[in-house]
Structure formats: C-alpha cells, structure tokens
Amino acid sequence: LVPGLSRVSDAICPDMIQEYKRYPASTWDPSSAPRKSFNPNYTDVNLETIHTFVTNCRKRSTFEKMLKEADQLDTGRPISIPQPGVPHSIEIEDDDVQNDSEVEGEQFETYSSS
C-alpha cells in the first residue's frame, strides 16, 4: 500500500468493496471452501486474491479517512498517502461484511457454462 495517489484504488475499490459485502463472510474463509473436504491442502487462489485486494482497499480507505479527519480535508476528493504509505498496523473492522445469517434467503446470481 504505497504512498501517493492511487488511480486503481479510486476507480476500482468502491465497486469491489460493495460487491464483496454482498456475500456472506464464510465465502472468504479459506477453511470453508467446498473442495476442502476432498483436499485439505486446497486453497481457492481466486477467492483469496479478491479477499486480499478488498482488504487492501479497505485499509487504504480507512487511512485516507483518518488523514482527512485529522487535517479537515475535503472528503469528496482523492488524497495522496504520505511516505512511507499505509501503515501495516491499520486495522479494519469486519462488521460491515455480512454474516451468513444476514444473507439467508437472499438470492445471488448463478452462472452456468451452458
């Protein structure tokens, strides 16, 4: 999470975070992967990559908000992260990710290869 402006973060992160929140938290838990029962060493690299990307988006967003509040900056404009970048110690809360019980009965689009 490097210093400066991030066009990728500004362009992609809001949509990725919103989409990520649509799914239950267990979706992103590698221990609950469907194939885990067949192969205990299996990890879904795609899910892990999405989870890591969104986590980094949320860390950057949290740090940007902290900087804007501390300096009373315009909250509607992108902010340049100072050196040395987003601190590794920035913590994000997972309370805005849905619990499995919150999505009960919710319909998700499914795609078939046919």
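Cys13 and Cys57 are both buried, where buried denotes under 20% relative accessible area, exposed over 50%, and partly exposed in between (1.4 Å probe, protein chains only). The two residues belong to a predicted model, in which local features need pLDDT of at least 70 and side-chain atom pairs count only at pLDDT 80 or more, whereas totals for chains, interfaces and linings use all residues. Residues are numbered from 1 along each chain as its sequence is written, and side-chain values use heavy atoms, with hydrogens and water left out.

Cys13 and Cys57 are joined by a disulfide with an S to S distance of 2.0 Å; a disulfide is assigned to a pair of cysteine sulfur atoms within 2.5 Å. The structure holds one such link. Because Cys13 lies in helix H1 and Cys57 in helix H2, the pair ties together parts that are 44 residues apart in sequence. The link of Cys13 and Cys57 is left-handed, with -65 degrees about the S-S bond.

The secondary structure of the chain consists of two helices and zero strands. These elements are DSSP runs numbered from the N terminus (helices: H or I, at least four residues; strands: E, at least two). Two packed helices are described by the angle between their axes and the distance between the axes. For H1 (residues 7-21) and H2 (residues 45-71), the axes come within 9 Å and cross at roughly 115 degrees. Axes here are lines fitted to C-alpha atoms, for helices over the stretch in contact, and angles run from 0 to 180 degrees between N-to-C directions.

Which residues of H1 and H2 meet? From H1 come Val8, Ser9, Ile12, Cys13, Met16, Ile17 and Tyr20, and from H2 come Ile50, His51, Phe53, Val54, Cys57, Arg58 and Arg60. The residues of this contact divide into ten nonpolar, two polar and two charged. Contact means heavy atoms within 4.5 Å.

Ser9 is a residue of helix H1. Ser9 counts as buried because its relative accessibility is 12%. Leaving aside residues up to four places away in sequence, Ser9 touches Pro14 and Arg60.

For the chain as a whole, 24% of the 114 residues count as buried. Among contacts in the chain with a separation of 6 or more, 72% are accounted for by residues 24 or more positions apart. The chain exposes about 8,600 Å², of which carbon and sulfur atoms supply 51%; accessible areas come from the Shrake-Rupley method with a 1.4 Å probe, and for residues only the protein chains shown count as cover.

Methods. Ala, Val, Leu, Ile, Met, Phe, Trp, Tyr, Cys and Pro count as nonpolar, Asp, Glu, Lys and Arg as charged, and the others, Gly among them, as polar.
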